[in-house]
Amino acid sequence: MSALENIVPALSAAIAARGYDTLTAVQSAMLEERARGRDLLVSAQTGSGKTVAFGIAIAPSLMGEADSLPPAGRPLGLVIAPTRELAIQVRRELEWLYAGAGAKIASCVGGMDMRAERRALDQGAHIVVGTPGRLRDHITRHGLDMSDLRAVVLDEADEMLDLGFREDLEFILSEAPAERRTLMFSATVPAQIEQLARKFQKKAERIEVLSDGAQHDDIEYRTILVSPSERDGAVINSLLYFDATNTLVFCATREAVKRLTSRLANRGFRVVSLSGELSQAERTNALQAMRDGRARVCVATDVAARGLDLPNLDLVIHADLPSNPETLLHRSGRTGRAGRKGICAIIVPHHRRGSATRLLRLANLKSQQMNAPSAADIDRKVRERIVADPALSEPLTDDEASFAAELLASHGPEKLAAAYIRQQLSMQPAPEDLSDGPVAPHDPSKGERPDTRFQNGDWFVISVGRKQRAEPRWLLPLICKAGGVTKSAIGSIRILDTETRFEVAPGEADAFAKAIAKPGAVEKGVSIARLAADAPPAPSRPPREFTSETDRPRPKKKHFDKKAPPPSAPGAARAEKRKLKKARKKLKAE
């Protein structure tokens, strides 16, 4: 307990009550003589306990020599965080840390009721935690009086600048009293942070905390190579294979988050989503569902990549490759926190293998390459978990023993074991049928492509088409799963406006028809039916079959007259319209 002796007693008792007898490196640095009473510029990696660190650091400034805080009035401390989730999380951490000091903590974050926040400020608070934009609103409307402020903390300062909050931060810091402490905590210290520090800090002490081991030493990285069309299936099988208590799945865009969330929910996973388009109430409910066990999987954009701390988060899956090494590190850093081990799985389409390799090299990370878990791999893992279930080794109570004897006498041990196995297996979503490995591109030098087509197949129809944005890459896994067949059993696929017709191998058509007739075989809102024998496979003439790539007719090259006039106005207008559409998509992306 010696590590806690130099902390304010009220905070020391709170830390001990949480079961901690040692401090992390960044927390210990706050107790050094050079850090006491000074402005600080601190850089430490994610998951190192920075919230408790700055809570310890500002306590002497807020409390002085007293054992507790004075009655709540104008705030004594201000903590600024880049996102709503991080601000709410910081408030939660400070509440237990300062509980023994009698602290009253208020939050001011975008998306919440501003009137309720104003009432909380009017009633008095010792510490205010908020996001830059909402804090500025309260200051300009005279709801937040900072005249008694003794300490200001900027948490994830580099992220706030990246998100464009520089002007808001400068406004808040310029409105705060000159005689105050300013502490900046950041994972990295770029030039912008140094400029901000020089402008608003007084002879700040620079503290750089290095981890004891290698970067993300508590995280085991796995690179899973897949065919592009099997990305969602690889995510599903990875969730089943690793079977983590809580999992965070990252996608590149909001649209991808919605689609993958829907896919996982239809497959029976307890899943929530998190993205910038959700209201604050929806985002809070999603995180709470993960914390209390109502959900085990959260699909999110990079809005969840910074500062978010979920309990028992043992697995992070990158469904889409991160855009840069920093994002990879921050995403992955949601697991393996505070000494806990974690796994990070990176789903890599085979054509982006080089990009993934460069990304890991730039991030100074090593990853073990593996194929996507197969149904057999998952079945083996499930059996191992059933055998090792801790419930099987727990001692029986008297009531349980008598009932167990009654069941054994009635059914016998083998039937009871079989019933237990069936119950356990029924609780697991079914795995996806994936190919053995990524499909290599066709090499023309090796001759023609093998002809995998079959003749006289049976035709079926599924109730999604072009208007529902049907694509073979997600239709094919859905069809195979519904009918319990592999991809080799599916022939031609013809996508029409409101439906899609596909061919099933003659020897498997009857079994396919029986499988799709079972309740729950197909995802909600989708139906599959067999076409009558005399029904045409498609209303229009099917496309010409080609025996090889060399037989396919090449489009004639267009020759343009150099002296011809420029494109007409309608053509230029269409080009401009396409540019605007791309710009809107870029704005929607996270």
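In this predicted model, helix H10 (residues 231-242) and helix H15 (residues 375-387) pack together at an angle of about 25°, and their axes lie 8 Å apart. An angle under 35 degrees counts as roughly parallel, so H10 is roughly parallel to H15. The crossing by which H10 passes H15 is left-handed. On the H10 side, the contact is made by Asn 237, Leu 240, Tyr 241 and Phe 242; on the H15 side, Asp 377, Ile 378, Lys 381 and Arg 385 take part.

A second pair of helices can be read in the same way. Helix H5 (residues 114-123) and helix H6 (residues 132-140) have axes that come within 12 Å and cross at roughly 65°. The crossing of H5 and H6 is right-handed. Here H5 contributes Met 114, Glu 117, Arg 118 and Leu 121 to the contact, while H6 contributes Arg 134, Asp 137 and His 138. The residues where H5 meets H6 divide into two nonpolar, one polar and four charged.

Which residues of helix H18 (residues 509-517) are buried? They are Ala 509, Phe 512, Ala 515 and Ile 516. These four cover an arc of only 120° around the axis, and therefore they sit on the same side of H18.

Thr 51 lies in helix H3 (residues 50-63). Is Thr 51 buried or exposed? Its relative accessible area is 14%, and a residue under 20% counts as buried, so Thr 51 is buried. What is Thr 51 in contact with, leaving aside its neighbours within four places in sequence? With those neighbours set aside, Thr 51 is in contact with Val 90, Glu 93 and Leu 94.

Terms used. Residues are numbered from 1 along each chain as its sequence is written. This is a predicted model: local features need pLDDT of at least 70, side-chain atom pairs count only at pLDDT 80 or more; totals for chains, interfaces and linings use all residues. Side-chain values use heavy atoms; hydrogens and water are left out. Axes are lines fitted to C-alpha atoms, for helices over the stretch in contact, and angles run from 0 to 180 degrees between N-to-C directions. Helices (H or I, at least four residues) and strands (E, at least two) are DSSP runs, numbered from the N terminus. Angles under 35 degrees count as roughly parallel, over 145 as roughly antiparallel, 65 to 115 as roughly perpendicular and the rest as oblique. A crossing is left-handed if the near helix is turned anticlockwise from the far one by less than a right angle, and right-handed if clockwise. Contact means heavy atoms within 4.5 Å. Buried means under 20% relative accessible area, exposed over 50%, partly exposed in between (1.4 Å probe, protein chains only). The arc is that of the directions from the helix axis to the C-beta atoms. Ala, Val, Leu, Ile, Met, Phe, Trp, Tyr, Cys and Pro count as nonpolar, Asp, Glu, Lys and Arg as charged, and the others, Gly among them, as polar.
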